[in-house]
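Hello,

Here is the structure I promised to pass on to you. Have a look at it first, and then read my notes below.

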Amino acid sequence: MFSNSLIELDRAHLVHPVSSYRSHEASGVRVLKSAKGATLTDASGHQLLDGFAGLWCVNVGYGQDSIVEAATRQLRELPYATGYFGLGSEPAIRLAARLAELAPGDLNHVYFTLGGSDAVDSTIRFIRYYYHAKGTPRKDQFISVEYGYHGSSTAGSGLTAIPAFHAGFGVPYDWQHKIPSHYAYRNPVGSHPQGIIAASVAALRAKIAELGADRVAAFYVEPIQGSGGVLVPPPSWLKAMHAVCREHDILFVADEVITGFGRTGPLFACEEDDVVPDFMTTAKGLTSGYVPMGAVLMSDRVYNTIADGAGRAAVGHGYTYSAHPVSAAVGLACLDLYENGLLENGRKAGHRLMEGLRSLADHPLVGDVRGRGMLAAIELVTDKERKAPLPAEADAARRIFDRAWDNGLVIRAFAQGVLGYAPPLCCTDAEIDGIIARTRRTLDQTLEDPDVRAAM
Ligand code: PMP
C-alpha cells in the first residue's frame, strides 16, 4: 500500500535521469529503502547485492559511520560557506590540499563542483579561458573518443559520444570532434595491443592534422571508458595518447569520474600509465555518493596562466555550492577510509571479481570479459564466432536487469547486452562470490529466454 502510493506519486511527478519516460511510467519505480555495506534492501524487504555501487559511486559501501559523523558534525558547526568574497571553510581547504598531495604530478589546484558533469563543463570553460590568457584563442577545438562519456551538461554532452545524449539535443557542436575508440573486442584493427595503440595514435594525429594543431585545444579521455560499456585500453595506450598531445601543445584531460578513488586499484587510474594530465575531473568516489561533489584538478602551468591572464579581474566561473563544507567533510572522511585499508581491500576484491567473471567465459552467452580492479564488464553475444549481439528489439538488457534483480543482484545492463560491474570496494570474498553466482544464474535463465534462443 505504502509503496503502491509511492509508485503512483513517482509516475505522476518524478522525472528520472536517462530513461524512457513512457516505459518507466509503464513499469513503475522500484523504491530502495536502506543499505549496509554492499547490500541494498528495497521497500518490500527484498535484499540485493549492489554490484554497481549505486551508479559506480558508493566506493566505500553503505552505512559508514565515520562519514555520517563527519557530515553531522559539519552540518551542526557550519552547514554552508561560500567561496565568493574570499571566504572559505576548513574542510574544503583541507580536502583541496589533500587531493593535491595525493594526485599525480603538479595537479595542485582544485576547483570543486557538485558532480561530474559540471566538473567536465568547468574544464571546457577553464580551457577556453587558458588559451585566451595565453593569447592563442584560436585553439578552440575539442577532441574526445567514440563511446566516451563526459557527462550530460549542455557542452559536455557533446564530448560524450553516446547517441542517446545527442539525439534531439542539438549536440555535438561543430567544435567537438571524435576519434574511434580502442574497444578491443570489436576493433576493426583486431585486438592486439600494439595494433590498437598504433591505430589510436594515428587517428589522433590525423584528427589534429585535419583541424590544424593551432586550432586544437584539448583531448578528453577516460582511462577506462565506463558508460560506453567498460572498454579497457591496452597498457600504455593512455601514455601514447598523452605523448601525441604533448607534441602538439594540446591539453590532456583525464576524466576520472568513474576510475578515480580506487575503482581500478590505485587512487587514480592515470597512475597506472604514469601519466600526469593537465586536468583531472573527479566525482563519484570523492564523496562515495553520500553527498554530491566533484572536483577539477589542474596543473600549476594551467592555473598560473589563468591567474596571470586574469590579473586583478575576476575569473567569472563559480557555483553557489562550489566547495560545499558538508561535502568536503564527507570527502575527507572518504579519503581516510581509502587510506586505512579500503584501497587495499578493493584491490584484493578486484582480483577476485575479475577471476570470477573470467570463470563465466565458458557460458554460451559470454563473448568477452574485461575490466581492471573493481570495474568490469561481460559482453553477451548469441554467437561467439560472429560476435552477434543480443537481439536489441527484444529489450534483452532490461529483462536481464529484471532477472538479476529477482536473483538478488543489481548490475548495469547496457542496451547493447553488456553487463557492467562496479561493486563497493568494501566487498568481502563471499559478496564477490555471490555476485558471480547470481550472474551465472541470471545468464542461465537468459539462455531460456525464447527471443534469445531464437537468435542463437
Ligand atoms: N564523466 C564520466 C567519465 C562519468 O562516468 C560521468 C558519470 N557517469 C560523468 C562525467 C558525469 O558525472 P555526473 O553524473 O556526476 O554529472
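Pro172 is found in the loop that runs between helix H7 (156-159) and strand S6 (176-179). Its peptide bond with Val171 is cis, with omega at about 5°. Please keep in mind that this is a predicted model.

Tyr147 lies in the loop between strand S5 (141-145) and H7. Although Tyr147 is not a glycine, its phi is positive, at about 70°. Is Tyr147 buried or exposed? Tyr147 is buried, because 21 other C-beta atoms lie within 10 Å, and the cut-off for buried is 20 or more.

Now compare that with Asp274, in the loop between strand S8 (251-255) and strand S9 (279-282). Asp274 is not a glycine either, and it has a positive phi of about 60°. Asp274 has 12 C-beta neighbours inside 10 Å, so it counts as exposed; the limit for that class is 12 or fewer.

Strand S1 (residues 32-36) pairs with strand S2 (residues 39-42) in the antiparallel sense, over four bridges. Within this pair, Ala35 stands opposite Leu40 in S2. The two strands make a hairpin with two residues between them, and Gly37 in the turn has a positive phi of about 65°. S2 also pairs with strand S3 (residues 47-50), again in the antiparallel sense, over three bridges. Here Thr39 stands opposite Leu49 in S3. The hairpin of S2 and S3 has four residues between the strands, and Gly45 takes a positive phi near 95° there.

Finally, the domains. The domain assignment gives domain 1 (31-63 + 341-455) and domain 2 (81-323). Their centres, taken over C-alpha atoms, are separated by 28 Å. How many residues of domain 1 are in contact with domain 2? There are 28, and they are in contact with 19 residues of domain 2. The elements giving two or more residues to this side of domain 1 include helix H3 (53-56), helix H11 (325-358) and strand S16 (418-421). H11 gives the most, with five residues. By class, the side of domain 1 that touches domain 2 has 14 nonpolar, eight polar and six charged residues.

Happy exploring, and write back with any questions!

Best wishes

Notes: Residues numbered from 1 in each chain as written. Predicted model: local features only at pLDDT ≥ 70, side-chain atom pairs only at ≥ 80, totals over all residues. Pairing = 2+ DSSP bridges. Domains from an automatic or database assignment. Contact = placed C-beta atoms within 7 Å. Nonpolar A, V, L, I, M, F, W, Y, C, P; charged D, E, K, R; others polar.
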